Amino acid sequence: RLQGTLPILDLPSVLSRPKIKSYSGASLQGYLEPQLTKALVDYVLGHGGSLFTGLLTLWTIVLHKYTAMDDIIIGSPVSGRSHGDLSDQIGFYLNMLALRNWIDPGESFESCYGRINDDTLEAYDHQMYPFDRLVEELDHSHGVSRSAVFDILLDLHTQNEGQLEPDWDEDQMGGFTYREDEISKLDMEIIFREQSDYLSFYIRYNKDVYQREMVEGLMIHFKRLLSLVLAAPEKPLKELVVVSRQEKDRLLNDFNQTHVIGSNQTTVLDLFTEQVVNTPDATALIFKESLLSYKELDELSNQLARCLISQYHITDGSMVGLQLDRSHWVLVSVLGILKSGASYVPIAPELPDLRKSHICDDTKMELLITETSYMFDTDYYQGALFAIDVEFSATDFS
């Protein structure tokens, strides 16, 4: 079941995963309302399954929705006491099962649940297989930044295991309770607990990997998916949309924002000129020891533009090549070329001559701005050359 390359699950996050695994955790707690809990229990029992396999199926689908991955592994703890000789012994015999399942977006929840339920029961036949030995024999490491085999765990505490009264207010069943300063051994641990006629659940997560807002969204979408599949279990998974219309509108407005803040101008040069007027002495460019204000950058690029127009007859629509090493002269040249009415054609100095020659011929450039060190290495270009060096003085433009 676990042969071959194992999938690596990465949920959306604005954070960068630490190079070495950390254990800094936080948690969010929530509820499944009694009516929703009863509907879920009735469904899974009516289809020959269990509450755990129902939750496992739902979370596998949620993770698929978030990542578009079809191959997902979720870990789950088992008691490790199925052997008769261990029943009366005192000790901690917890073992881990790696539950690997595949999602077909065209499949219905009904079909998906039946398959995952059967596969989970088969996995439980091997629950005594030591997880440490499994990791050793798989010989498949995700590196020191991750856990072995899986990064997400799912567990269900039944009432038979001893009911713990919640220490949060049941009147706040629609929201989530946040806690910090926890230890998170995995990227995410999803823990459900039966509480009389409803389910409480919390997600403990590594806050160096995932942020609170994403985890809250995950919990909301889980509950929304549950409502959708219970209403239409025969519907294909790909047609179950867990994102609300309000979320869609917000995402489109926030992430597709095309309004230019602070200006109604339409070109880069207009925006640059506006900035020169507003903050002429503010620093515009820093390169090593060189520092230019907006006013100085404007004056240098103006001088270059006049030089291109008067000495090289550059006009609107001309193509001017730009082959320079990284320095402040790159930006001076770009602005100068644009101010002359031309378009600039960047050419990386490390490109092969054949590639450079193709760029020159294809764009029909009228001038190549380069450095003195490249002046005798331009056999690929037979047109006019203009040298601009790091030590070049502004007065040299005249």
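On one side of helix α10, L354, D361 and D362 are exposed. This comes from a predicted model. Which residues of α10 are buried? They are K356, S357, I359 and C360, in a helix that covers residues 353-363. Viewed down the axis of α10, these buried residues fall within an arc of 160°, so they line one face of the helix.

What does the buried face pack against? The buried residues of α10 pack against β11, residues 343-346. After the helix comes K364. The phi of K364 is positive, near 55°.

## The chain as a whole

The protein chain has 398 residues, and 44% of them count as buried. How many helices and strands does the chain hold? There are ten helices and 13 strands.

Contacts can also be sorted by separation along the chain.

## E189 in strand β6

E189 sits in strand β6, which spans residues 188-195. Is E189 buried or exposed? The relative accessible area of E189 is 10%, and buried means under 20%, so E189 is buried.

What does the side chain of E189 reach? It reaches the backbone nitrogen of K185, at 3.4 Å. Set aside the neighbours within four places in sequence, and E189 is in contact with L153, S184, Y202, I203 and R204.

## R204 in strand β7

R204 belongs to strand β7, residues 198-206. The relative accessibility of R204 is 17%. The cut-off for buried is under 20%, so R204 counts as buried too.

Which side chains make polar contacts with the side chain of R204? One is the side chain of E182, at 3.0 Å. Another is the side chain of Y202, at 3.2 Å. Beyond the neighbours within four places in sequence, R204 is in contact with A26, S27, E182, I183, S184, D187, M188 and E189. That list includes E189, and the contacts of E189 include R204.

## The largest cavity

Next, the empty space inside. Rolling a probe the size of a water molecule over the atoms shows where empty space is left. How many cavities of 30 Å³ or more are there? The count comes to two.

The largest cavity has a volume of about 60 Å³. Its lining is made of P7, L9, M69, D71, I72, I73, H142, V149, F150, D151 and I152. Which strand gives the largest share of this lining? Strand β2, residues 71-78, supplies three residues. Sorted by class, eight lining residues of the largest cavity are nonpolar, one is polar and two are charged.

## The second largest cavity

The second largest cavity has a volume of about 30 Å³. Which residues line it? They are R17, P18, I20, K21, S22, S145, D187, N206 and V209. Among them is D187, a residue also in contact with R204.

How do these lining residues divide by class? In the second largest cavity, three are nonpolar, three are polar and three are charged.

Conventions. Residues are numbered from 1 along each chain as its sequence is written. This is a predicted model: local features need pLDDT of at least 70, side-chain atom pairs count only at pLDDT 80 or more; totals for chains, interfaces and linings use all residues. Side-chain values use heavy atoms; hydrogens and water are left out. On a 1 Å grid over the protein atoms alone, a cavity is a set of points where a 1.4 Å probe fits but cannot get out, and a pocket is an open set with protein on both sides within 12 Å along at least five of seven lines; lining residues have an atom within 4 Å of a point. Grid points are joined across faces, edges and corners, and a volume is the space filled by probe spheres set on the points. Helices (H or I, at least four residues) and strands (E, at least two) are DSSP runs, numbered from the N terminus. Ala, Val, Leu, Ile, Met, Phe, Trp, Tyr, Cys and Pro count as nonpolar, Asp, Glu, Lys and Arg as charged, and the others, Gly among them, as polar. Buried means under 20% relative accessible area, exposed over 50%, partly exposed in between (1.4 Å probe, protein chains only). A polar contact is a pair of N or O atoms within 3.5 Å; within protein, one must be able to donate a hydrogen and the other to accept it, and residues adjacent in sequence count only if both atoms are side-chain atoms. Contact means heavy atoms within 4.5 Å. The arc is that of the directions from the helix axis to the C-beta atoms.
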